[in-house]
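Hi everyone, thanks for making time this morning. Let me put the chain up on the screen, and then we can walk through it together.

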Amino acid sequence: MTYVYEAVKRIPTTLSPGVIYHNVEFELAALRCACGCGHRITLLVPDGHRISVQGAVPSVTPSILVGDAPCHSHYFISSGEVEWLRAFSPSQAEAVMRGQVARHVSADRASRSLWERWRRAVLRAIGRVMRFFNGSR
Ligand SMILES: [Zn+2]
């Protein structure tokens, strides 16, 4: 995705993909996430990020890290082009997610074997009680 710059008096409720809206008066910029997830990103300009514009082509520094959306994207926008940063590329974020799922699965397996152990202990206890009653008959 490539971005264009648009200075606005009011940031629109619906953002077009590929547009960085900049409200100079309120020191805010807004854009849709470059990964295509549709997440709305708000930047504080110039407090958090700086936007330099050549023609209508924006560059944003420092990098944009999407921490509040499932994509966890991390990228630069340089001369309107998205430069993905490897640490948080969508495929790596996905790999992290898969790792998390795998951990959930093994945690599940562990709790299942714990339950199994408990069930066997109960059965053994019941067996002992039954033997006691049988023996006292
Ligand atoms: Zn995204």
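Predicted model: local features only at pLDDT ≥ 70, side-chain atom pairs only at ≥ 80, totals over all residues.

Let me start at S79, which sits in the loop between β7 and β8 (81-84). The phi of S79 is near 50 degrees, a positive value in a residue other than glycine. As a reminder, most residues other than glycine have a negative phi, and most peptide bonds are trans.

Residues are numbered from 1 along each chain as its sequence is written.

E27 is placed in the loop between β2 and β3, and E27 is partly exposed, with 13 other C-beta atoms within 10 Å.

Now the overall layout. The chain has 1 helix and 8 strands, and along the sequence they follow the pattern β-β-β-β-β-β-β-β-α. Of the 137 residues in the chain, 15% are buried.

How are the strands arranged? Let's take the sheet with β7 in it. It is an open sheet of 4 strands in the order β5-β6-β7-β8, with antiparallel pairing; two strands count as paired if DSSP finds at least two bridges between them. β5 and β8 are the edge strands, each pairing on one side only. On average, neighbouring strands of this sheet are turned by 25 degrees against each other, direction ignored. For such angles, axes are lines fitted to C-alpha atoms, for helices over the stretch in contact, and the angles run from 0 to 180 degrees between N-to-C directions.

Zooming in, β5 (residues 50-54) pairs with β6 (residues 57-65) in the antiparallel sense over 5 bridges. The hairpin of these two has 2 residues between the strands, and G55 takes a positive phi near 70 degrees there. I51 has V60 in β6 as its bridge partner, and V60 in turn has I77 in β7 as a bridge partner. β6 and β7 (residues 74-78) run antiparallel and are joined by 3 bridges.

The other sheet is also open, with 4 strands in the order β1-β2-β3-β4 and mixed pairing. Its edge strands are β1 (4-7) and β4 (40-44), each pairing on one side only. The twist averages 20 degrees from one strand to the next. β1 pairs with β2 (residues 19-23) in the parallel sense over 4 bridges, and V4 stands opposite V19 in β2.

So what about the core? The largest nonpolar core has 14 residues, and I20, A29, L31 and I77 have the most contacts inside it. By nonpolar core I mean a set of buried Ala, Val, Leu, Ile, Met, Phe, Trp, Tyr and Cys residues joined through C-beta atoms within 7 Å. At least two residues of this core come from each of β2, β3 (28-32), β6 and β7. Which residues does I20 touch, leaving aside its neighbours within four places in sequence? I20 is in contact with Y3, Y5, E6, A29, L31, I51 and P58, where contact means that the C-beta atoms, placed from the backbone, lie within 7 Å.

Last, two prolines to look at on the screen. A cis peptide bond joins V45 and P46, with omega about 5 degrees, and P46 is in the loop between β4 and β5. Another cis peptide bond joins T61 and P62, with omega about -10 degrees; P62 lies in strand β6.

That's my tour, and I'm happy to take questions.

Methods:
Buried ≥ 20, exposed ≤ 12 C-beta atoms within 10 Å, placed from the backbone. Contact = placed C-beta atoms within 7 Å.
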